[in-house]
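Visitor: I am new to protein structures. Could you walk me through this one?
Guide: Gladly. Have a look first.

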Amino acid sequence: MPRFRFALLLSLLFASPAFAADQPTLAQYHDRSGHADAWQGGVRMIPIHTPAGDFKVWTKRVGNNPRIKVLLLHGGPGSTHEPFEVFDSFLPADCVEYYYYDQLGSYYSDQPDDPRLLAIDRFVDEVEQVRKALGLDKDNFYLLGHSWGGMLAIEYALAHQEHLKGLVISNMMSSIPAYNDYADKALRTELDPAALAELRKLDAAKDYTNPRFEELLMPHYERHVLRRPIAEWPDPVIRGFMKHLNRKVYVPMQGPSELGASGILEKWDRTADLEKIQVPTLVIGARYDTMDPKWMEMMSKRLPHGDYLYLPNGSHSSFYDDQDAYFAGLLKFLHAVDDGKAP
């Protein structure tokens, strides 16, 4: 190879984010020395104290980066970390350290059956206990919440933003009443009138375990939850959203379906409080999302240091159906905050 071409190749290689001087080397990123979780592949069962007793929640660390550590808050409530497994295809190549985490009541964590645990403040306290156990703080701690996890991330930031370096609200509106209004006016009208009438009849009878209930919702799921025929949905989504969903958590808090909320969370609204969140925040919305993308854009403007990522081909699970744009925008935000160039 001619000398000038070799020099050019080296300059391009070491100018890229993954090989920048302040980024971990490949060996450093995968180094397991000094980690108590190394002997079991990064997994830790973290003790959690609650009003109903002491339990344990499941976490798993991937990689090492002293400046960028992302804790992932899954949706549901009562789903699992599993739909996030696609992050393995994107974050390690950019040397981002991240943590999978199943909230209390979810499949890989303890699953106590106690209504006292189904409260937003209790979940916020749980996240804070997890943060402390993992040793995350304002110099490195990014919180990413998807769907219900986005709601939890907003609540955590309002309670403990002094510990955050950055925040990502993925596919979640700041108001459940506004979400329900959007579902009524924009989502339910897409359903066949006969199917909608049957759904309302099943809902009135609280016959949520009837297979017909999910069958009638399939067109909605395939258009707004993940934009592929359900037979093609990725295995991590099937596991997290269907096989391993804890309905004893999901139904009381969210309600029986993804076509609006009717549970404990029904009155939740933090729109007026967004201006209190002072940390750099990325809001992610998508054209086909169950959540109103225009509302999420508005959220980004109310946040003092907000930014908006719009995904024209994505749905509620846009890290699958518009994933290249999703991860390009996410990684750009993480590195901008790390470089002190966030909004």
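What follows is a set of questions and answers about this predicted model.

Visitor: How many cavities of 30 Å³ or more are there?
Guide: Start with the general idea. Rolling a probe the size of a water molecule over the atoms shows where empty space is left. A cavity is a place where a 1.4 Å probe fits but cannot get out. With a cut-off of 30 Å³ or more, the count is two.

Visitor: Which residues are closest to the centre of the largest cavity?
Guide: The largest cavity holds about 240 Å³ of space. Its lining has 19 residues. Closest to the centre are Gly-75, Ser-79, Pro-83, His-146 and Phe-241.

Visitor: Which elements each supply at least two residues of that largest cavity's lining?
Guide: By class, the lining of the largest cavity has nine nonpolar, nine polar and one charged residues. The elements that each supply at least two residues of this lining are α8 (235-243) and α11 (318-321).

Visitor: What is the volume of the second largest cavity, and which residues are closest to its centre?
Guide: The volume of the second largest cavity is about 100 Å³. It is lined by 13 residues. Closest to its centre are Gly-76, Ser-147, Trp-148, Gln-254 and Met-291.

Visitor: How do the lining residues of the second largest cavity divide by class?
Guide: Two elements give two or more residues to this lining: α4 (148-160) and α5 (176-187). By class, the lining of the second largest cavity divides into nine nonpolar, three polar and one charged.

Visitor: Is Ser-147 buried or exposed?
Guide: Ser-147 lies in the loop between β5 and α4. Its phi is near 60 degrees, a positive value in a residue other than glycine. Buried means under 20% relative accessible area. Ser-147 has 8%, so the answer is buried.

Visitor: Where is Cys-95, and is Cys-95 buried or exposed?
Guide: Cys-95 sits in the loop between β3 and β4. Cys-95 has a positive phi of about 60 degrees, although it is not a glycine. Its relative accessible area is 7%, so Cys-95 is buried.

Visitor: Why is strand β5 described as largely enclosed?
Guide: Check both faces of β5. Phe-141, Leu-143 and Gly-145 are buried on one side, and Tyr-142, Leu-144 and His-146 are buried on the other. Strand β5 (residues 141-146) is largely enclosed by the rest of the structure because the buried residues number six of the six.

Visitor: In which sense does β5 pair with β3 and with β6?
Guide: β5 and strand β3 (residues 69-73) pair over five bridges, with Leu-72 and Leu-144 as bridge partners. β5 and strand β6 (residues 166-170) also pair over five bridges. Here Tyr-142 stands opposite Gly-166 in β6. The sense of the pairing is parallel with β3 and parallel with β6.

Visitor: With which side chains does the side chain of Thr-290 make polar contacts?
Guide: Thr-290 is in the loop between β7 (281-286) and α10 (293-302). At 0% relative accessibility, Thr-290 is buried. Beyond four places in sequence, its contacts include Tyr-179, His-220 and Glu-258. Its side chain makes polar contacts with the side chains of Asp-289 (3.4 Å) and His-316 (3.1 Å).

How values were computed: Residues are numbered from 1 along each chain as its sequence is written. This is a predicted model: local features need pLDDT of at least 70, side-chain atom pairs count only at pLDDT 80 or more; totals for chains, interfaces and linings use all residues. Side-chain values use heavy atoms; hydrogens and water are left out. On a 1 Å grid over the protein atoms alone, a cavity is a set of points where a 1.4 Å probe fits but cannot get out, and a pocket is an open set with protein on both sides within 12 Å along at least five of seven lines; lining residues have an atom within 4 Å of a point. Grid points are joined across faces, edges and corners, and a volume is the space filled by probe spheres set on the points. Helices (H or I, at least four residues) and strands (E, at least two) are DSSP runs, numbered from the N terminus. Ala, Val, Leu, Ile, Met, Phe, Trp, Tyr, Cys and Pro count as nonpolar, Asp, Glu, Lys and Arg as charged, and the others, Gly among them, as polar. Buried means under 20% relative accessible area, exposed over 50%, partly exposed in between (1.4 Å probe, protein chains only). A polar contact is a pair of N or O atoms within 3.5 Å; within protein, one must be able to donate a hydrogen and the other to accept it, and residues adjacent in sequence count only if both atoms are side-chain atoms. Contact means heavy atoms within 4.5 Å. Two strands pair if DSSP finds at least two bridges between them.
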